[in-house]
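Morning, everyone. Please bring up the model on your screens, and we'll walk through it together.

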Amino acid sequence: MGKSGGGGWKGNPELSIGYFELRYYYIKRAQGLDADLWFPLPAPFCLLTLLLPPRSPGAPISPAEPISQAYSLALYMQKNTSTLLQTYLQYQGSPFSDPGFSAPELQLSSLPPAAVSFKTWHALDDGERLGHAQGAFLALTQHLQLVGDDQRDLNPGSPILLAQLGAARLRAQGLLGNMAAIMTALGLPIPPEEDTLGVVPFGASAFERKCRGYVVTREYGHWTDRAVRDLALLKAKYPG
């Protein structure tokens, strides 16, 4: 990580951060499936779910249904990612809040970047595509928890930012659950949940924590954009 202060932008902040327990919000599905839906659905989705006829216990799970649910959630998330990033930057002060601020060279070794060449992305098979998304959103749920904790300390009087970070984490958890449902329907193994953060650097400066939060909120948007494209491809491949 670059040194704390106004000019410390160079370098790669390879920060190791401790594990924070994830808290899941479960809404029981009315279709009779064993899987739970791991995000608070908007009212129209809840109503639609309740109106669907129950599935017979032995009926096979079609991948089209969880793909469609995941795609709808990813589109919903995509509408809010730029707002989250801009709100985050606004509360961090200069240089973060300066007009046109961008620091693409900042990365976290504990968070995989979403950027990939189109050729590589298009050549991925279903398991690779979903596995990459699973790993990314698992890491994002843990990192968003950390960023929320950092901001409660750095910006305790920012309820709007804290609420947006909390909502983003819950939606990331929801998409993570939907990805698992898709993998189950396709007969693919679900990767075990891992601690992606590692050991928390409790001595990290305020500037380092602000940099970390910037990378997390930026990559949350990039991974959401990639998830929309991933799921659009799967939706076309497995129509309902």
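First, a term: buried means under 20% relative accessible area, exposed means over 50%, and partly exposed is in between, with a 1.4 Å probe and protein chains only. By that rule, 47% of the protein's 240 residues are buried.

Some ground rules. This is a predicted model: local features need pLDDT of at least 70, side-chain atom pairs count only at pLDDT 80 or more, and totals for chains, interfaces and linings use all residues. Residues are numbered from 1 along each chain as its sequence is written, and side-chain values use heavy atoms, leaving out hydrogens and water.

Now the layout. The protein has six helices and zero strands. Helices here are DSSP runs (H or I, at least four residues), strands are E runs of at least two, and numbering starts at the N terminus.

Look at H5. How many of its 27 residues are buried? The count is 19, so H5 is mostly covered. Just after H5, Gly-187 takes a positive phi of about 75 degrees.

Next, its partner. H5 (residues 159-185) and H6 (residues 206-237) have axes that come within 12 Å and cross at roughly 30 degrees. Axes are lines fitted to C-alpha atoms over the stretch in contact, and angles run from 0 to 180 degrees between N-to-C directions. Contact means heavy atoms within 4.5 Å. On the H5 side, the contact residues include Leu-165, Ala-168 and Arg-171. On H6, Tyr-220 is one of them.
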